[in-house]
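Dear colleague,

I am handing over the structure below, and I would ask you to look through it before reading on. My notes on what was found follow directly after it.

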Amino acid sequence: MTEALFLNPVFQDRIWGGTKLHDYFGYDIPSDTTGEDWAISAHPNGPSVIKNGVYKGKTLAELWQENPVLFGNPTEAVFPLLTKILDANTDLSVQVHPNDEYAKVHENGELGKTECWYIIDCAPGAELIYGHKAASKEEFASWAKNGEWDKLLRKVAIKPGEFYYVPSGTIHALGTGTLVLETQQSSDTTYRVYDYDRKDAEGNLRELHLDKAIDVTTAPHVDAKLDIHTETRGGLTETTFVSNDFFSVYKWDVDGKAEFTAKAPYTLVSILDGEAVLTIAGNEQAIKKGDHFVLPNEVKAWEITGEITAIVSTPPVK
């Protein structure tokens, strides 16, 4: 298999969603409250479907189970990564995610959720919630149960091009007017701490999960330490954002011709801007803003010619 696996987007309606997935990327979204594009997903709540080649019509989850050689014969039972694009037209709920151990016990074997965000675009003055100000878990629990959100929550001003790493246990929320690419473990487990007393379409307050959130929140908050570094070779400027036990995440800025060799058994690529030609074993494929694809294990080298910006992830690079 020496071609890329291109994927159809899976859209998710959200109370906080909007129309940026159409306005920015040109996607044919199902509603004016489309909050998420599950761009590269094998999760049962939104599996991506292959749209080209011999596997056209198969889901990524099916390929993982039926053709493990495409992914280097992995040991994991499920495809471990999930790439999303999120349109926070209004504030997301304040939330936290469990680690693998807690999720396995409390969420029917689901993976935990460590994630990270690349800010594609945001409104002037946009913010996100990242962490909290409580000195201990007891103080966190007290302030949260008493609704002392201004005292508790830590707000950070953001701008396009920034990267935020959100390990499990981190209190977080995207703010109004933010478009992000999220790389995460393949999990759909979220514990809501606070939701601004919003009501759903039926007029009901959305469910909170405060007890579980208190269980899993890291207190006091600790900012993740990152070693972000950039390397230029040929027509490629590659920024390494994070490399850990869950994933490695990079940004590719290609201007001209760039040559690549695989760093991992498979590579997930999301084109955020521009257009180019992807060449694998002499075969050319046009790629453009809004495309998402997986380079399988047999693709050991490739070229990209043109001008693009992409966010790329792989399973952990040891």
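The largest pocket has a volume of about 340 Å³, where a pocket is, on a 1 Å grid over the protein atoms alone, an open set of points where a 1.4 Å probe fits, with protein on both sides within 12 Å along at least five of seven lines, and a volume is the space filled by probe spheres set on the points, which are joined across faces, edges and corners. Of the 20 residues that line this pocket, Arg14, Trp16, Glu36, Gln95 and Thr190 are the closest to its centre, lining residues being those with an atom within 4 Å of a point.

This is a predicted model, in which local features need pLDDT of at least 70 and side-chain atom pairs count only at pLDDT 80 or more, while totals for chains, interfaces and linings use all residues. Residues are numbered from 1 along each chain as its sequence is written, and side-chain values use heavy atoms, with hydrogens and water left out.

At least two lining residues of the largest pocket come from each of strands E2 (10-18), E5 (81-88), E7 (115-122) and E11 (172-174), strands being DSSP runs (E, at least two residues) numbered from the N terminus.

Four bridges join the antiparallel strands E7 and E10, and Glu115 stands opposite Val166 in E10.

Best regards

Notes
Two strands pair if DSSP finds at least two bridges between them.
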